[in-house]
Amino acid sequence: MSSVRVLVGTRKGAFILSSDGKREAWEISGPFFAGWEIYHMAGSPADPNRLYASQTSGWFGQVMQRSDDGGKTWKSAGNEFAYDGVPGTHQWYDGTPRPWEFKRVWHLEPSLTDPDTVYAGVEDAALFRSTDGAASWHELSGLRGHGSGPSWQPGAGGMCLHTILLDPRNRERIFVAISAAGAFRTDDGGTTWRPINRGLTSQHIPDPNAEVGHCVHRIAMHPSRPAVLFMQKHWDVMRSDDGGESWREISGNLPTDFGFSIDVHANEPDTIYVVPIKSDTEHFPLDGQLRVYRSRTGGNEWEALTKGLPQRDCYVNVLRDAMAVDSLDSCGVYFGTTGGQVYASADAGDRWTPIVRDLPAVLSVEVQTLT
Amino acid sequence: MIRVVLPTHLRALARIGGETTLDVDGRATQRSVLDALEAAYPMLRGTIRDHVTQQRRPFVRFFACERDLSHEPPDAPLPDAVATGAEPLLIVGAIAGG
């Protein structure tokens, strides 16, 4: 029988939530790495028992962890992230040049085919790859070096590379997104890169239609249709039908189009989910009502999903890496909040129940569907 | 023999119960003690000092014999009491943040 494993990274440790395919009864294990910030955990699609975790601390820096038994036991892995060559500078908040300096790993993306290959998106923004199971890391420096790097500026949360999408049909194509630079694509396995931000408009930057400088919060893709991308930008929910060559807004009837997370139904490529957040200065749901919005039309037409979610006095946030789906027949949707709740829906969002209510602030949620 | 006391998070990371003892080649200095510590516990590399620059992380401090040695040069000799094992070298995470 199928089962699911939900990997939860929090401000004070990692947790693993497990259930059978019914997704009614849950077993909670953790905290792992108690007291440390776990920005992200991810499992290898090629070997579900191979997990990677990014463990960070303002005191002690970056630690990488690896499990070969589905999270029962962990071993420290390589944690040296050295920029390739002379790092150069990017722009600081005040526009002055500032040297690139590694701070932490925000996101891990294991290869679709090789358990030992994993990508890491880091702050200050860069993409690293390991091909030896996280023992060593090497920068794909064509991203920072393609030309616009010196003009990148950090977003409020830091200058982080937070999204990595591997094209399942074209192993040479990778999409990444950086706050606050925008989206980028390689078509040669990571050697060369270019910005893919045409159609994005950001009113808070000097040139609202600039090639780079957009605060992209998250991009999602359905594996059956990798040229179609969905984006939650700082403001605006966007869609591309041509691999990021151009974008159009699909915010439609959303009550606010600010937010962080976005994801796609596992079995319906035109069904997408966002969690609208009031604004960039008030990081909580509108009117104290936690609502996931679902579009079954690939955008523009959205419906509020409220059953089982708090509809009064709720002022949590849902961060960019804190929503995920499973791939069971009845698609499960999961998200975590800064209030420590992890909500699950086993029916594509119609009804929600909290798996746990009182974890530390949730930074990331990933789901493994195990068969 | 050098005695070293790590902060709680690094003891957990290195799976050390209490203080650890190290044999250090040559003179006991911050650098030689940290070299020996990282050789014995490779998972600690990068957590106390930067991988590349070898600079102490800003929120990590070195105390011994009721003195703050954090700003001493890395190759300066540690106090005799540390070098002889009479006193431990305390590696401390600064009390800051939440």
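## A first pairing to find

Which residue in E17(A) is the bridge partner of Arg185(A)? The partner is Arg194(A), a residue that sits in strand E17 of chain A. Keep in mind as you look around that this is a predicted model.

In sequence, Arg194(A) and Phe184(A) are 10 residues apart, yet their C-alpha atoms lie 5.5 Å from each other in space. Setting aside neighbours within four places in sequence, the contacts of Arg194(A) are His146(A), Phe184(A) and Arg185(A). With 16 other C-beta atoms within 10 Å, Arg194(A) counts as partly exposed; the cut-off for a buried residue is 20 or more.

## Around strand E16 of chain A

Strand E16 covers residues 182-186 of chain A, and five of its five residues are buried, so the strand is largely enclosed by the rest of the structure. On one hand, E16(A) pairs with strand E15 (residues 174-179) of chain A, in the antiparallel sense and over five bridges. One pair of bridge partners here is Ala177(A) with Ala183(A), the latter in E16(A). Together E15(A) and E16(A) make a hairpin, with two residues between them.

E16(A) is also joined to strand E17 (residues 194-195) of chain A, by two bridges, and these strands run antiparallel. This is where the opening pair belongs: Arg185(A) is bridged to Arg194(A) in E17(A).

## Chain A as a whole

Chain A has 30 strands and zero helices. For 371 residues, a compact globule would have a radius of gyration near 21 Å; the value for chain A is 19 Å, which agrees. The C-alpha trace of chain A spans about 50 × 45 × 40 Å along its principal axes.

Of the 371 residues in chain A, 54% are buried. Looking at contacts in chain A between residues at least 6 apart in sequence, 49% join residues at least 24 apart.

## Two open sheets in chain A

One is an open sheet of four strands in chain A, ordered E4-E5-E6-E7 with antiparallel pairing. Its edge strands are E4 (37-43) and E7 (75-77) of chain A, each of which pairs on one side only. From one strand to the next, the twist averages 30°. Within this sheet, strand E5 (residues 51-57) of chain A is joined to E6(A) by seven bridges, and the two run antiparallel. Ser57(A) has Gly61(A) in E6(A) as its bridge partner.

Another open sheet of four strands in chain A has the order E18-E19-E20-E21, with antiparallel pairing. Here the edge strands, pairing on one side only, are E18 (216-221) and E21 (248-249) of chain A. Strands E19 (residues 229-233) and E20 (residues 237-240) of chain A pair in the antiparallel sense over four bridges. Gln232(A) is bridged to Val237(A) in E20(A).

## Chain B and its helix H2

Now for chain B, which contains three helices and five strands. Along the sequence, the pattern reads β-α-β-α-β-β-α-β. A compact globule of 98 residues would have a radius of gyration near 13 Å, and chain B agrees with its 12 Å. The C-alpha trace of chain B spans about 35 × 25 × 25 Å along its principal axes. Buried residues account for 27% of the 98 residues in chain B. Among contacts in chain B between residues at least 6 apart in sequence, 55% join residues at least 24 apart.

Which residues of helix H2 (residues 30-40) of chain B are buried? They are Gln30(B), Val33(B), Leu34(B) and Leu37(B). These residues cover an arc of only 95° around the axis, which puts them on the same side of H2(B). An α-helix has 3.6 residues a turn, so residues three or four places apart point the same way. The buried residues of H2(B) pack against strands E1 (2-5), E2 (20-22), E3 (60-64) and E5 (89-93) of chain B.

## Where the chains touch

How many residues does each chain bring to the contact? Chain A gives 13 residues and chain B gives 14 residues. On the side of chain A that touches chain B, the largest share is three residues from strand E6 (residues 61-67) of chain A. By class, this side of chain A has five nonpolar, seven polar and one charged residues.

Notes:
Residues numbered from 1 in each chain as written. Chains lettered and ligands numbered in written order. Predicted model: local features only at pLDDT ≥ 70, side-chain atom pairs only at ≥ 80, totals over all residues. Contact = placed C-beta atoms within 7 Å. Nonpolar A, V, L, I, M, F, W, Y, C, P; charged D, E, K, R; others polar. Buried ≥ 20, exposed ≤ 12 C-beta atoms within 10 Å, placed from the backbone. Pairing = 2+ DSSP bridges. Axes fitted to C-alpha atoms, helices over the stretch in contact; angles between N-to-C directions. Rg over C-alpha atoms; globule rule 2.2 N^0.38 Å. Arc of directions from axis to C-beta.
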